[in-house]
Every structure is written in structure tokens, then in C-alpha cells.
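Subject: Structure for you to look at

Hello,

Here is the structure I said I would pass on. My notes on what was found follow below.

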Amino acid sequence: MTGHFELIAVLENPNYMINIGNVIRNINGLGVDKLFIIDGQHRLADNPEEIRQRKSLLKHSNGAVKWTFVKVFDTTESCIGFLSDSQFISVGTSPHPVCRKQVGLPESDLTYPKLAIWFGDESRGLSEKAIQACEYCLTIAMKGRVESLNLSTTTGIVMYEAVNQREMMLC
């Protein structure tokens with residue numbers, strides 16, 4: 001997305017490099033502007049060039065890390081502050097009713113000019129701090145017995161919907 005529209009995917013403390021690499025591939029392929037990663041374990045460098053050179057991310061992103069804007073934050077609070085100062089609306093994702101308001105993905109409005117969509121870690125989901133910063137949480141209707149999808153699968157589905165809604169709005 002370009003112009004006055006900005007779309008950011010935010011990963012809060014993801015556990016696995018393979019998922020980070022797959023998310024990078026997803027958002028690059030979909031044309032999402034940026035990826036913010038909250039890395040409380042300090043596994044990623046703050047330097048974008050070091051991130052681009054990391055072999056596991058190069059492999060799992062199929063090289064997309066070379067062309068994708070990735071910004072790393074040490075804490076959820078610092079990311080929330082940055083997004084708030086930049087006047088972004090934050091929306092979370094969760095299969096559980098944890099937010100003030102839960103909205104099914106098809107019924108959601110992802111057309112805010114400056115939108116950050118948050119994805120929690122693979123085992124615990126979003127933190128309470130992240131949830132409090134979100135206007136609402138998106139849910140993906142599940143048909144089988146599992147309650148949620150893999151992190152990279154979820155980002156692909158949700159970010160596809162966001163890009164699609166934003167493109168439809170411009171038509």
C-alpha cells in the first residue's frame with residue numbers, strides 16, 4: 001500500500017524463526033508496508049542490515065527479508081508508544097474473547113488509513129498490554145476441532161483481507 005495509507009503487521013514475541021520468516025514472505029507478497037516485531041528475548045538485531053543477512057530469515061522468507069521493512073522493538077510498550085505517536089489504529093487477533101470487542105474477520109473494517117494489526121505469540125497469544133491498546137480483536141471462524149491457526153497462516157489470511165478491503169475502498 002502506498003500514499004496516505006499505511007498497513008503494518010505487528011508480531012508480539014514470536015517464538016520461532018521459521019514463523020517470522022514465513023510472515024515476512026506473506027507480508028512482502030501481499031504488499032504490506034512494514035513488519036514490526038516485539039522481541040523481548042533479544043534474538044533479533046536492531047540493525048535492519050543484520051536482520052536481512054540472518055540465514056534462517058533468508059531461508060524461511062524465501063529471500064523476502066531483503067526487500068521487507070522490519071523494525072524491532074524491545075517491549076510491547078515501546079511499540080504501542082511508537083504506533084500511538086504515529087497515530088495508528090491498532091487491531092488485535094485472537095481466537096478467544098479477550099478484547100473489549102470481538103469482530104469476525106469478514107465483518108471487520110480494516111480500512112483505517114494508518115492501521116497496525118497485532119498477532120500474538122504461538123502459545124499465549126497477545127499480552128494484556130497489547131489487547132488494551134487495540135480497538136478490537138479479529139477472529140477467524142474455525143470449523144474443526146483446533147481453536148487457532150499457525151501464526152504465519154493467520155497473518156496471511158488476515159493481511160490478505162486487510163489489503164483486499166483497502167484496495168476495494170480505493171476503487
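What should the 14 residues of helix H1 (residues 17-30) span, and how far apart are its end C-alpha atoms? At 1.5 Å a residue the helix should span 20 Å, and the end C-alpha atoms of H1 are 20 Å apart, so the two agree. Please keep in mind throughout that this is a predicted model.

Helix H1

The buried residues of H1 are Met 17, Asn 19, Ile 20, Gly 21, Val 23, Ile 24 and Ile 27. They pack against strand E1 (6-12), strand E2 (34-38), helix H3 (55-60), strand E3 (69-73) and helix H6 (151-170). H1 lies across E1, E2 and E3, and runs at about 160 degrees to E2. Just after the helix comes Gly 31, with a positive phi of about 85 degrees.

The sheet

Seven strands form an open sheet with parallel pairing, in the order E3-E2-E1-E6-E4-E7-E5. E3 and E5 are the edge strands; each has a single partner strand, so one side of each has no neighbour in the sheet. From one strand to the next, the twist averages 30 degrees.

E1 pairs on one side with strand E6 (residues 114-119), in the parallel sense and over six bridges. Within that pairing, Leu 7 has Leu 115 as its bridge partner in E6, and Val 10 has Trp 118. E1 also pairs with E2, again in the parallel sense, over five bridges. There the bridge partner of Ile 8 is Lys 34 in E2. Six of the seven residues of E1 are buried, which leaves the strand mostly covered.

The cores

Which residues touch the most other members of the largest nonpolar core? They are Leu 35 and Ile 117, in a core of 32 residues. E1, H1, E2, E3, E6 and H6 are the elements that give two or more residues to this core. Setting aside neighbours within four places in sequence, Leu 35 is in contact with Ala 9, Leu 11, Val 23, Ile 24, Ile 27, Phe 69, Val 70 and Lys 71. Of these contacts, Val 23, Ile 24 and Ile 27 are also among the buried residues of H1.

The cysteines

A search of the whole structure finds one disulfide. Cys 99 and Cys 137 form it, with their sulfur atoms 1.9 Å apart. The two cysteines are 38 residues apart, and the pair links distant parts of the chain: Cys 99 is in the loop between strand E4 (89-93) and strand E5 (102-104), while Cys 137 is in strand E7 (residues 137-139). Both Cys 99 and Cys 137 are buried.

Cys 134 is in no disulfide either; the nearest cysteine sulfur, that of Cys 137, is 5.4 Å away. Cys 79 counts as buried because its relative accessibility is 0%, and Cys 134 counts as buried at 1%.

Regards

Key:
Residues are numbered from 1 along each chain as its sequence is written. This is a predicted model: local features need pLDDT of at least 70, side-chain atom pairs count only at pLDDT 80 or more; totals for chains, interfaces and linings use all residues. Side-chain values use heavy atoms; hydrogens and water are left out. Helices (H or I, at least four residues) and strands (E, at least two) are DSSP runs, numbered from the N terminus. The expected span of a helix is 1.5 Å times one less than its number of residues. Buried means under 20% relative accessible area, exposed over 50%, partly exposed in between (1.4 Å probe, protein chains only). Contact means heavy atoms within 4.5 Å. A disulfide is a pair of cysteine sulfur atoms within 2.5 Å. Two strands pair if DSSP finds at least two bridges between them. Axes are lines fitted to C-alpha atoms, for helices over the stretch in contact, and angles run from 0 to 180 degrees between N-to-C directions. A nonpolar core is a set of buried Ala, Val, Leu, Ile, Met, Phe, Trp, Tyr and Cys residues joined through side-chain atoms within 4.5 Å.
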